[in-house]
Structure formats: C-alpha cells, structure tokens
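Morning, everyone. Please have a look at the model on the screen, and then I'll walk you through it.

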Amino acid sequence: AGCSELAGYRVLITAGGTREPIDPVRYISNRSSGKMGYALAREALRRGAEVILVTTPTGLPLPEGAEVVHVESADEMYEAVMSRFDAVDVVVKAAAVADYRPAAPAEQKMKKQADRLFLELVRTPDILAELGRRKERQVLVGFAAETNDLETYALDKLRRKNVDLMVANDVTQTGAGFGVDTNIVTIFDGRGGKETLKLMAKEEVASRIFDRVIQILSNSCD
Ligand code: C5P
C-alpha cells in the first residue's frame, strides 16, 4: 500500500448518537447526525479499506461496500465493537456515545403519573477507553466534541483513553459539529502534534484524518 491507500487494512468506524431506552417507546439520545462517521466510512472505502460501519439509526444512506452493523444503545455498540476488535487494524470512534443510560428500562410503556418523574441513570461503558486498554497494534482515533476548553479536554482524553489521534471540534462554532455537512477540527496526536484545519466538508476532514492514520500505520510516509 502507498501513502494514501488503505488496501489490505480493515477499518471499523462507529457513527451516530446512541439511544438509551427508557421504556419500549422512549429513549435518551443526543444531537449527533452520523454524518462525520458516514463520511469517514466512504473515504476509507474510497482508499480501498475493508470497512465495518457500526451505526445507530441515522436515516443516512448506507455507504456502498461497507459491512454495516446496526446498533442502538451504548451497550450494544460496546458488544459490536469489542467482538470485532481483534480482527481490525484501525478504529475510528465518531459515534456520540451516551455517558449515562436509564438504570432499569421499563418493560412496558410508562404511564403518566405524578407531576415530577425522577429517572435514575447509570454510566455506560467507555468503549474507546476499553479499546485503549486492549489495543496491541491497532490505530485508535477518537473524537472530542466540546463547547469550551477544547485543547485541554481533547489532550486529556487522548492520554486517558490511550488513543493515537484525537479529533476535536468546538460544537458551538457555525459550520462545525452536529447536523451540518462541514466541520472545523483540530487533530492532536500522541507526540505533541497539533493541526488545526479550516472549515471544510466532512468528506475532506475524513481524508485528512486518514492521511494521518496511514502515516501511523506505515511509519514511512512522514
Ligand atoms: O464522550 P467523550 O467526549 O469522552 O468522547 C470522546 C471519545 O470517546 C469519542 O470518540 C467517543 O466515541 C468515545 N466514547 C466511547 N464510549 C463512551 C463515551 C465516549 O467510545 N461511553
């Protein structure tokens, strides 16, 4: 493989916001559209990778040629990712995984009762942190969507979760983050490197991310 190609590599990408069930008809979720993850999947396919896309329901067209694994909750995403981790070379965790889920989802639809309802939440597993603990040869890429102190939080996550690249975006900026087709990101690596990209299409952001992934994989494209 050359310095822009991913032929022969298996790339797992997660996309979308997880849905944490409250009862059979309700869930807690977030504003993630899945667009960044799907753009990453298309770009990895274009570069010749074998792509596994682990996705929550997004309504986006499925990338042609990817193996698609449908999940909803953080727990389901955890299972889907962990069971495939040994077989892949790169994991890009573009999904917005809920940090908390309802402790005990109701088996039947909840009825209206008192004026106030208290819902007990418990932490979900941190999938990326667990991958960071287990990783041997894999290249791990995380995303950090922040509203403030971008660099501090992104670098903290990079180290704490033991990832190779952290892609940080300030979701309060126009043209960045949820729902839109563009993004404004800064890519941090584990060696103190920092690259701030201008506003660009998510497709182009995906391309820049894979340029760096390939550098790490091949070590000879610096
Ligand atoms: O939520 P947080 O900002 O910590 O997310 C940073 C990265 O960690 C993202 O790539 C996200 O997909 C991943 N993550 C995860 N499991 C969680 C929370 C976050 O894999 N429970």
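Start with Y9, in the segment before strand 1 (10-15). Strands are DSSP runs of E, at least two residues, and helices are runs of H or I, at least four, numbered from the N terminus. This is a predicted model: local features need pLDDT of at least 70, side-chain atom pairs count only at pLDDT 80 or more, and totals for chains, interfaces and linings use all residues. Residues are numbered from 1 along each chain as its sequence is written, and side-chain values use heavy atoms, with hydrogens and water left out.

What does Y9 touch, leaving aside neighbours within four places in sequence? A49, E50, D89 and L217. Contact means heavy atoms within 4.5 Å. Y9 and V90 are 81 residues apart along the chain, yet their C-alpha atoms are separated by 7.8 Å.

Now the ligand. There are 14 residues around the ligand, and K93, A95, P125, K157 and K161 come nearest. Around means a heavy atom within 4 Å.

Next, polar contacts: pairs of N or O atoms within 3.5 Å; within protein, one must be able to donate a hydrogen and the other to accept it, and residues adjacent in sequence count only if both atoms are side-chain atoms. A polar backbone atom of K93 is 2.7 Å from a ligand oxygen. For L128, a backbone N or O atom lies 2.9 Å from an oxygen of the ligand. D126 uses its side chain: an N or O atom there is 3.5 Å from a ligand nitrogen.
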